Amino acid sequence: QFVEGLACGALYLAAQGEARFLGVTRQLHGCHWAGAPSHFAYVGSLGPLSISHALQRQFRRLGAHLAERFELQGLFGIDVIVHGQRLWTVEVSPRYTASAEIYERSTDLSMLQLHRQACEAGKLPNRLLPQPRMTVGKAVVYAPSSGIVSRAFCQWLDAGNKQTGGCRYADLPQPNLDVMCGAPLLTVFAQGSSANHVMSALNSHARIVRREFLKGATPW
């Protein structure tokens, strides 16, 4: 069943049948500026989001129920559609999620450290976790054509990362890698004071990456 609404991903930390609700991000799907191959293709995440108290209560109840029912340990995520003030559950991911990087970059917390403590010690943090300092976004950039990744393109990516302290590009391809049109090429990151600012930056970064890839890629 197709449900209208906002696609979101919630992140939790579980231990001993309890769950700590860490927050929610918006999921990006089918973005043409990233070259997404289909309307439902995952492009990235944006957040953490500010949500109503009513939605917070629903997210907490949902996470607590799953952690107790399935004895979850460590990080896990729930993909949902938010329609008005109601949640429609799409998927449960008992693992480190794609949106975990958003929280790491916005709070400087190590999600894997929290995951390890929950799994090994069986305890949740007994202190309040830091609040997000900024909005962070990530986007998967898909290859605009089939080709072989050029060394010049990889050097351009390295230079961009050096300018930003390694904060702009991730999941980098290697020189001479064969890439098929529509396949994931790399991930871009952006951060700022608002969701609109971050979305605009992701859009710009993705378009530039696709343009630079085409400059040096050898078609096949």
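**Close-up views of a predicted model**

**View 1. Strands β1 and β4 form an antiparallel pair.** Nine bridges connect strand β1 (residues 6–15) with β4 in the antiparallel sense; strands pair if DSSP finds at least two bridges between them. Helices (H or I, at least four residues) and strands (E, at least two) are DSSP runs, numbered from the N terminus. Within this pairing, leucine 6 faces valine 82 of β4, the two standing opposite each other. The structure is a predicted model, in which local features need pLDDT of at least 70 and side-chain atom pairs count only at pLDDT 80 or more, while totals for chains, interfaces and linings use all residues. Residues are numbered from 1 along each chain as its sequence is written, and side-chain values use heavy atoms, with hydrogens and water left out.

**View 2. Strands β4 and β5 form a hairpin.** β4 and strand β5 (residues 86–93) run antiparallel and are joined by seven bridges. Histidine 83 stands opposite arginine 86 in β5. Two residues lie between the strands, and glycine 84 in the turn has a positive phi of about 65 degrees. Strand β4 (residues 74–83) is mostly covered, with eight of its ten residues buried; buried means under 20% relative accessible area, exposed over 50%, and partly exposed in between (1.4 Å probe, protein chains only).

**View 3. Ring pairs link Tyr12, Phe21, Phe59 and Phe76 into a cluster.** The whole structure holds six aromatic pairs. Rings of Phe, Tyr and Trp (its six-membered ring) pair if their centres lie within 6.5 Å; planes under 30 degrees apart count as stacked, over 60 as edge-to-face and the rest as tilted. The pair of tyrosine 12 and phenylalanine 21 is tilted, because the ring centres are 5.5 Å apart and the planes meet at 45 degrees. Both tyrosine 12 and phenylalanine 21 are buried.

**View 4. Phenylalanine 153 and tryptophan 156 form a stacked pair.** Their ring centres are 6.1 Å apart and their planes lie at 20 degrees, so the pair counts as stacked. The two residues are three apart in helix α4 (residues 151–163) and are therefore separated by about one helical turn. Phenylalanine 153 is buried, at a relative accessible area of 2%, whereas tryptophan 156 is partly exposed, at 26%.
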